[in-house]
Amino acid sequence: MSSVQDVNPRVRRIRTPVGLQSLAARITEQLSQGGQKPFQKVTDVSSGDPHRAGMPPLSFVRQVLAVCLYPELLGEDSLPLDVRQRAQKLLEACNGGSIGSYSPSSCGIPQIQKSVAEFITRRDAGIPSDPENIVLCSGSQKVLSLVLHLLSRGEGLTQTGVLIPLPCPHTLPMLLDEEGLTPLPYRLLEDQGWALEPDQLHGALRAARGRCEPRAIYISNPGNPTGHVQDRKTIREVIRFASSEGLVLLVEEVFQDSVFGRDKTFLSYKKVLFEMGEPYSDTVELVSLHSISTARMGECGLRGGYMEVVNIDPDVQQALKNMQAPSSPPILPQLALEVMVNPPAPGDPSEKEYTQEILRMDDILAQNARRACEFLNDLPGVSCQPAMAGLFLYPRLNLPAQMLEEAEALGVEADVLFCQRFLEEERVCFGPGCENGHDRNDLHVRFCVLMPPAALEEVLTRLRSFHLRLLDQFPH
Amino acid sequence: MSREATNGVPCGARVLTLDTMNPNVRRVEYAVRGPIVQRAVQIEKELREVTFKTRRPGTTRGVKKPFTEVIKANIGDAHAMGQRPITFFRQVLALCSYPELLEDNKFPEDAKKRARRILDACGGHSLGAYSASQGIECIRQDVARYIERRDGGISSNPDNIYLSTGASDAIVTILKMLVCGEGRDRTGVMISIPQYPLYSAALADLGAVQISYYLEEESCWSLNVTELRRALNEAKQHCKPRVLCIINPGNPTGQVQSRQCIEDVIRFAKEEHLFLMADEVYQDNVYADGCKFHSFKKVLFEMGPEFSSKVEMASFHSTSKCYMGECGFRGGYMEVINMDPQVKAQLTKLVSVRLCPPVPGQALLDLVVNPPQPDEPSYSTFMKERKAVLADLAEKARLTEEIFNTVPGITCNPVQGAMYTFPRIALPQKAIDKAKEQGLVPDMFYCMRLLEEEGICLVPGSGFGQKEGTFHFRMTILPPTEKLKVVLQKIRDFHLKFTQEFS
């Protein structure tokens, strides 16, 4: 029988997941079987998953998808006309008029590539986007894995290195492990709202010397989990850095539609790149990523995303498309993506409701982020930078020394112990900052704040209750 | 002033080129969507544009094309060729997508019941929430029960079920797990010739060694253990064979393995300590008299504990084929048998990197393994639709074999199952020479001509592998019957003309 020695060493080297979500699932299972616990369900807010937290999907999106799934509904008068017209158009873009067929091309449905390109052009004030440079995928995790896979070569000292932010999205480190890439963390500055500081980039690169071959820099903007929105100056500096250091820019911009910080605007890397003119605009290799797992859409489970490639070698681009050939992306999320980039227009029957739903979402997110941040900063030993965008808050924890010792004795990270206890005692699952790259000297936790306001109050109440109990248990 | 980067890339030079990128990716090819398909898409575009501009149908680039549409018989996409989805499945999924429809009395009760159950299992009652990486628990339980029913009661543990993004995703995941070693210890993976090129693409990408075993065209593409042994022994000299892949029913060949053959393969796998990968996505697509689908797992367990407790295996299934044809959903699963617990832990870890498979695909899979029961309102329609699709395919399989075998120079094995025919074509030497002149392999040359002259897109046999000196093409049997008849006729006429031209 095969043993673990026979398993691909690269797979073995993938770091072991912390497993809090599995614990949350197990507790949920116990609860549903009537175990003797004080609370009814587990609230898992460790991922950016608004629907799980109780936020509703956008009606227009789901109506269009329903009609595409069951085209008999094209004749259903109770559904708005624009829903049915949009569904009709989308069905016509599918082979055989069915969402059950494969994507016409391995890069996705051509009409949707075009819609995405048009969206990008509008967003970037006219800077053109070519549908040929858009690759649709089953989620931004998959998109990223394709590009990372392309970049990955070498072993040991010649292994490809990728600069990544500290903190980074919790789903990133495992991906780098899987693709055999060396992470090169650059610290974001917590006391400046998690700003990116070019010196840190240089530092990360210096650390690479003799260890690996750095060939890419990954950016999350707006930041996951930090909620930071980069200003034009920062973006320009990063671009210049990438240019002079021969790095491919991988920019994840999934939270671009959820900027709520005062006086903050999302600027796409592509837009800034083009505004910088030559030589940057036609030499810096850039891959921008987006998905339907946004605050407004929250369609994480559908698995839909895309990348736009800029200044990528045509042969490499072809290789990228070839990689997807045997497994074309699912259709349904592409349709959802099309609605996202091409929402109901003023005058359309559904536009009013669509806009209202979006604004309500935006308001709840902004209010929750503000409320939660204030609340956290009032808790002893907890401090939180205000988020300006995105789904998460990422507070810092100053835990009692005894608790740190206990964690060490148990062989777990202190932030994991915190989250585990919180989950077991209060049925709320936060994400430990070690998954985002932080360590025991810099304890953090993350949680998604987009949920019905009443649910947030419940989470915060339980957090305070738990945290104060903890401090009582371990006096300073 | 040029400043060299820390990593040595000269200023202004491209970072990512064919030479600097992952070298394995360069070797990835997938004929099903390869150059001939790209040309087909181009012709389609031209037909559309010119038609629109000049209102003169059937012209492209000023050269009159004797056809107004390109028939894409290259890819196993049933819906693209006009097959209708199963009503019940689409009703449930629509209800899941927009639960307000649960109030609509146009939907049958059993569809609503299924939808509610699925939504209850989703986070926040929405298809839009992430699921567990291994797949929604109650769906895995349903899959296990389906397998038990299918295999006459042999038990299936939901923990051994991994839902995936189509079967392809699961296949690549297992292969990724099992590839290790350097040089002569590098993992060797046995796969049939001809094969479905996902396997060769994955092996190329992983840098694994492909060990080809030839199916016997003369005996209806049967698998011979003697040939397995030959291929294995030869391979042992330059790699470490660890995996044996079987596609049953076969793609592109359509052969349905006999029970005896499956037993022989299992015995062979045990003797040689090979991990068996049983790709069974066409398990409902069996047409020929005397042929029956036997799941590898069932046969394994019926061979007794000496085998059933030892042989390591993964079986794969998906929602893309059979009578559903729902390729666009990317629904699928694998069941792993006798996997070492530590190895399984690695597998579980690996699938968690990709977060989770698409939830709509998981939901669809749940319906496939949990279809309407005899006492439910949707049962009769469901059975009618299912029967019609499978009967239609069986008729087309028969028709295809019949017509191709009337053409001198085309030899077609019975299409026992799956969705394709892989006939052998005799090519005159002059044609082979002409092909070489143009830098094309002969069956690509043939298929390109067929595309340009008749607007029919097939995949040359070279994309799947074939015995040296033989030529084939793969055609799907999916076009609607009347259209299929026309296609078969056109290929017959083309073949005769082609043979004449190069005689």
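## Interface of chains A and B

About 7,300 Å² is buried between chain A and chain B, and carbon and sulfur atoms give 56% of this area; buried area is the accessible area (1.4 Å probe) that two parts lose on being put together, summed over both. Chain A brings 91 residues to the contact and chain B brings 84 residues, contact meaning heavy atoms within 4.5 Å.

The rule finds four salt bridges across the interface of chain A and chain B, each a side-chain nitrogen of Lys or Arg within 4 Å of a carboxyl oxygen of Asp or Glu. The side chains of B:K176 and A:E178 form a salt bridge, at 2.5 Å from N to O.

## Basis of the values

This is a predicted model, in which local features need pLDDT of at least 70 and side-chain atom pairs count only at pLDDT 80 or more, while totals for chains, interfaces and linings use all residues. Residues are numbered from 1 along each chain as its sequence is written, chains are lettered from A and ligands numbered from 1 in the order in which they are written, and side-chain values use heavy atoms, without hydrogens and water.

## Helix packing in chain A

Helix 3 (residues 59-69) of chain A packs against helix 4 (residues 81-93) of chain A at about 50 degrees, with axes 9 Å apart. Residues in this contact include A:F60 and A:V64 of helix 3 of chain A and A:L90 of helix 4 of chain A.

Terms used: Axes are lines fitted to C-alpha atoms, for helices over the stretch in contact, and angles run from 0 to 180 degrees between N-to-C directions. Helices (H or I, at least four residues) and strands (E, at least two) are DSSP runs, numbered from the N terminus.
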